[in-house]
Amino acid sequence: MPKFTDKSVVMGRHIIGIYLLSFLLLIFLFYYHWVLGIIMAIFFTVSLYYSINRERKLVDQTEAYISTLSYRVKKVGEEALLEMPIGIMLYSDDFQIEWANPYLNEFTKAETIVGENLEVLSDKIVSYLKDNKESFWLTIDDYDFQVYNKKEERLLYLFDRTKQTELHQMYQNEKTVLGIIFLDNYEEITQNMDDTAKSQINSQVTATLNKWSQEHGIYLKRTSQERFMAVMNQNILGHLEKIKFEILDEVRELITDKNVPLTLSIGIGLGSESLPELGELTQSSLDLALGRGGDQVVIKDDESGKVRFYGGKTNPMEKRTRVRARVISHALKELVKESDQVLVMGHKAPDMDSIGSSIGVLKIAQANDIEAYIVLDENDIDTGVQRLVEEMKEKEELWSHFIDPDSALDIVSKDTLLVIVDTHKPSLVQEEKLIHKTDHVVVIDHHRRGEEFIDHPTLVYMEPYASSTAELVTELLEYQPSKLTLNMLESTALLAGIIVDTKSFTLRTGSRTFDAASYLRSKGADTVLVQKFLKEDLDIYVKRSRLIENTNIYRGNIAISVGNSREAYGPVVIAQAADTLLTMTGVEASFVISERKDGRIGISARSLGDINVQVLMEKMNGGGHLTNAATQLDDMAVIDAYEWLKDIIDEYYEGGDSE
């Protein structure tokens, strides 16, 4: 690059070289012809003078141009720094604003922000800087800024991205959302109606749903007698979530001639750009809603991967039929016959229902001449189940079919049929590894379906309307080969599962529950032996009483008991304390929080039905039924769990995601 500022250099080296060569030629010309040499010397001198003079003028012009340009650039830089719609800020080590361009003053009420703490703009900015984030987003008043942090210079650039955010939000709001609306008990309600009554209920439902869709701008199309397709956008969905899908209550108020409410289940899918994937997501949401007992909305968001629940405020009505039980029993029999062996597995810390239903499935396998084993960890059972186990150990014919999880892992194969009872969550089974070692998994459960579920099961029999899994398995036993035999202890174990889960036939008890109990009694089930299993030690009674003593009444009708710190209680004691609190006058729901023997924090929740404890426990990573739920928490103190529970109860009452 030429050095324009160096006055001594007036010509480029290439021009000097040409003149030197010309001078040598001029000398050579003088030697041979001096007259011609003089003439050429004159031309050479004139040319050299002209070139030097021209070069000097060019250098002067370049210097003048650079000087002018430098001034203009400096002036533009100063104006840009002060007037550009970009926030620029220098801050000190203690996060005080040392300098800021005038643009940032528009977002504060003060005349100047210099000398203020950075939190004058946002209370989050200091925490971001302490985390050494190089880029982050801030909301100041109604504006969205993307902030770039030059930490070495302690310099911040704030770019206004409000328009960009608005466009992104507009795009999100306009994205397609699909919904499937299903009338839960339409078939059961209308099966004995005449054409006039059926037409009347159809008209009422259609009119109610059409009015709802028109009010909210939803495209609604009835695709069958009990199914509707709904198309909307995310903006409409957001509004429906704010009013918590009041359509569920409106349809439930359409009482039929049988004085039975009609209920809706709605599955909604969003977040996927692909319409086929969106359709699958929607159907999956509906399946989840129905699996949880219906009368609720399930929303699956493909972008966030989260599932949201609304409704589910009523106890599910018993609507399963003996036809379905017979079909499931036949399908299970065929799967058993096609397998080389059957492994039966319940949940961790098994209760009477888990053990009893496992024994029932064992008898189904034996009735079909297939070897079967029950997976049980003896180190993970409580006192009540321990009495049953001790009784079974005296019956070698039965106890020989119980194996520990390690032994089960040794014998399982791809052709083994794994039957999971009394749970559908992989994280809760006795040995999760077993699920991945076979291609054939059957799930039999009476709990409302949660977000976590076993992948690709071969057969699923989930009935949240049933009192217990033991009740479901007992019905399946009735349709097995006639050579099936139940002895007294086996039938008593199944009956114990029903009695424990129904609190001696007082909760979640339907007509089918008594039918199952009657069948088990006919097979020799001993109710006195059940009471022997359920007897409790005096020490346990005292511990439960100590839990009940630490009870506070929250919001006037909710009893919350908090166990003493560093005092561990078994899950059965915690559950029994919650059951006891529910019998107190004025208590609509009860929660017992305590440390467990495994180091986790356990919460048992009970309700009379007006408060959905399942929804509350799901927010704490648990689950269960509307009136009976629980959760276990890791790395948390009892008092922290108590405060978290109160926050969730407040949210439930004051406008949470579900009621």
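Select Ala568 first: setting aside neighbours within four places in sequence, Ala568 is in contact (heavy atoms within 4.5 Å) with Lys543, Glu595, Arg596 and Lys597. You are looking at a predicted model, where local features need pLDDT of at least 70, side-chain atom pairs count only at pLDDT 80 or more, and totals for chains, interfaces and linings use all residues. Residues are numbered from 1 along each chain as its sequence is written, and side-chain values use heavy atoms, with hydrogens and water left out.

Stay with Ala568 for a moment. Ala568 sits in strand β20 (residues 568-569); helices (H or I, at least four residues) and strands (E, at least two) are DSSP runs, numbered from the N terminus. With a relative accessible area of 28%, Ala568 is partly exposed; buried means under 20%, exposed over 50%, and partly exposed in between (1.4 Å probe, protein chains only).

Next, select helix α22 (residues 638-654) and pick out Asp650. Is Asp650 buried or exposed? At 17% relative accessibility, Asp650 counts as buried. Show Tyr554 and Arg555 too, as Asp650 touches both, not counting residues up to four places away in sequence.

Now colour helix α16 (residues 488-501) and helix α18 (residues 527-534), whose axes come within 9 Å and cross at roughly 60°. Axes here are lines fitted to C-alpha atoms, for helices over the stretch in contact, and angles run from 0 to 180 degrees between N-to-C directions. α16 and α18 are therefore oblique to each other (under 35 degrees is roughly parallel, over 145 roughly antiparallel, 65 to 115 roughly perpendicular, and the rest oblique). On the α16 side the contact includes Met488, Leu489 and Thr492, and on the α18 side Phe533 and Leu534 are among the residues involved.

Move on to helix α10 (residues 322-338), which has 17 residues and reaches 24 Å from its first C-alpha to its last, close to the 24 Å expected at 1.5 Å a residue (1.5 Å times one less than the number of residues). Highlight Ala325, Ile328, Ser329, Leu332, Lys333, Leu335 and Val336, which are buried in α10. Seen down the axis of α10, these buried residues fall within an arc of 165°, so they line one face of the helix; the arc is that of the directions from the helix axis to the C-beta atoms.

Finish at Pro261, in the loop between α8 (247-252) and β9 (264-270). Pro261 is partly exposed, at 25% relative accessibility.
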